[in-house]
Amino acid sequence: MNIVLAGNLKKKDSTKPEDYFSEFDSSETIDAIMSAIRNKGHNVEFIDVEYPHLFSYFKKNRVDMVFNIAEGRYGKFRESEVPAVLDYLKIPYTGSNTFSLALALNKYLTKKVLRAEQIPTPNFQLFVKGSEELDPKLTFPMIVKPNREGSAKGINRTNVVFSKEELYNKVKDIISNYRQEALVEEFIEGKELTIGILENGKTTILPILEIDFTDCKNSGEFFYSWRMKEFQGNKELGLVPKFYCPARLDKETERMVKETALKTHHAVGCLDISRTDIRLSSDNVPYVLEINPLPGLNPKESNFPIMAYAAGMSYDDIIDSVLMSAHKRMKG
C-alpha cells in the first residue's frame with residue numbers, strides 16, 4: 001500500500017507559549033512509525049498538516065491509506081480537520097472518525113456522554129465567561145483545565161484549587177490565555193491509571209499502567225501536569241514518576257477498570273486505538289478523566305507503547321494492528 005503518515009511535527013518557536021507544541025510529535029516518533037510501516041512492506045511518506053496545500057496534495061497523489069496522528073491546526077474541532085478532508089476525498093485513514101475526534105477533544109461534552117452512559121467521571125462545571133455562580137454541589141479540592149486541549153496543556157500544580165478565590169482566578173486565567181472555556185471538576189485523590197485499547201479483528205485491552213507520583217513531591221507536582229509530561233524522568237526537577245505495568249490492582253478491580261475503559265472507548269465511538277485516563281479513588285471507584293483517540297506513540301516515552309510492550313507486543317506490532325484494523329474496516 002501507498003501510505004501517508006499525517007501529523008504535526010514538533011518545532012521550536014520562542015514566540016509561542018512554552019506548551020504550544022506539546023501535542024505535536026517529535027521526529028523520533030515520526031521516524032519510528034514510518035520505519036514500522038516500511039518493515040511491513042508498505043511505501044510511506046510523511047506530510048506535516050501545517051503544509052498549506054494539504055487538500056491539493058491528497059487530490060494529486062495516489063494514497064491508499066493515511067496513518068493519522070494529526071492534531072490539526074486551529075479551532076474547536078482541529079483534530080477532525082484531516083479526517084474531514086479525507087472523508088470528502090474518500091481516502092481511508094486509521095483511527096477514529098471526525099465526530100469522535102471532535103467529541104473527545106471537548107472534555108465537557110465527553111463528560112456529559114459519560115454521565116449519560118453511567119460511566120463514573122468527577123463532578124464538573126463549565127465556565128464560559130468566568131463569572132458563573134459555582135455549583136454548590138461541587139466540593140473542594142477542584143482542578144481547573146482548558147476545556148479543549150490535550151497533553152496537559154495549561155495544567156500545573158496551581159490548577160488544583162482549594163477555595164473560591166483560587167478557583168475564579170484560575171478560571172479567568174485559562175479563559176484569557178487559552179481563549180476557550182474552563183472546565184472545573186472535583187479533584188480525585190487516588191491511583192493514576194491509564195488503559196490502552198487496540199483493535200485488529202478483536203478488541204484488546206492492554207495491561208493497565210499505573211503512574212505513581214510519590215517520588216515527585218519535591219517538585220511540587222503530584223499528578224500528570226504539563227511539566228510532568230514534558231520533562232518526565234528529569235531528576236533535577238524531581239519529575240520522576242514510577243510506572244507499574246501491570247498496575248498494582250487486585251483481579252476484581254483490574255476487571256472493573258478495564259471494563260470502564262472499554263465502555264468509554266465505545267461511548268465516544270473510538271476506532272482502532274485509544275487511551276483512557278482514570279483516577280481510582282480511595283473507595284475503589286474508577287473515575288474517567290478523559291479519553292485520547294490519538295494517544296502518543298513515542299517508542300520510548302509514551303504510555304501506550306509501554307502498555308503494549310507489557311502485553312508482549314513489539315512497536316511494529318502496534319503500528320501494524322492499527323493499520324490492519326483500518327484496512328479491514330475499509331474492505332468491510
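**Charges over rings, aromatic pairs**

Reply: Lys229 sits over the face of Tyr224, 5.2 Å from the ring centre. "Over" needs NZ of Lys or CZ of Arg within 6 Å of the ring centre and within 35 degrees of the ring normal. This is a predicted model: local features need pLDDT of at least 70, side-chain atom pairs need 80 or more, and totals for chains, interfaces and linings use all residues. Residues are numbered from 1 along each chain as its sequence is written, and side-chain values use heavy atoms, leaving out hydrogens and water.

Me: Which ring does Arg248 lie over?
Reply: Tyr244, at 3.8 Å from the ring centre.

Me: How many aromatic pairs in the whole structure?
Reply: Six. Phe, Tyr and Trp (six-membered ring) pair with centres within 6.5 Å; planes under 30 degrees apart are stacked, over 60 edge-to-face, the rest tilted. One of the pairs is Tyr108 with Phe124, edge-to-face, 5.8 Å centre to centre and 75° between the planes.

Me: What does that pair tie together?
Reply: Tyr108 is in helix α5 and Phe124 in strand β4 (residues 124-127), so parts 16 residues apart in sequence are joined. Helices (H or I, at least four residues) and strands (E, at least two) are DSSP runs, numbered from the N terminus.

Me: Is Phe124 buried or exposed?
Reply: Buried, at 11% relative accessibility. Tyr108 is partly exposed, at 23%. Buried means under 20% relative accessible area, exposed over 50%, partly exposed in between (1.4 Å probe, protein chains only).

Me: New topic. How many residues of α4 are buried?
Reply: Six of eight, in residues 98-105.
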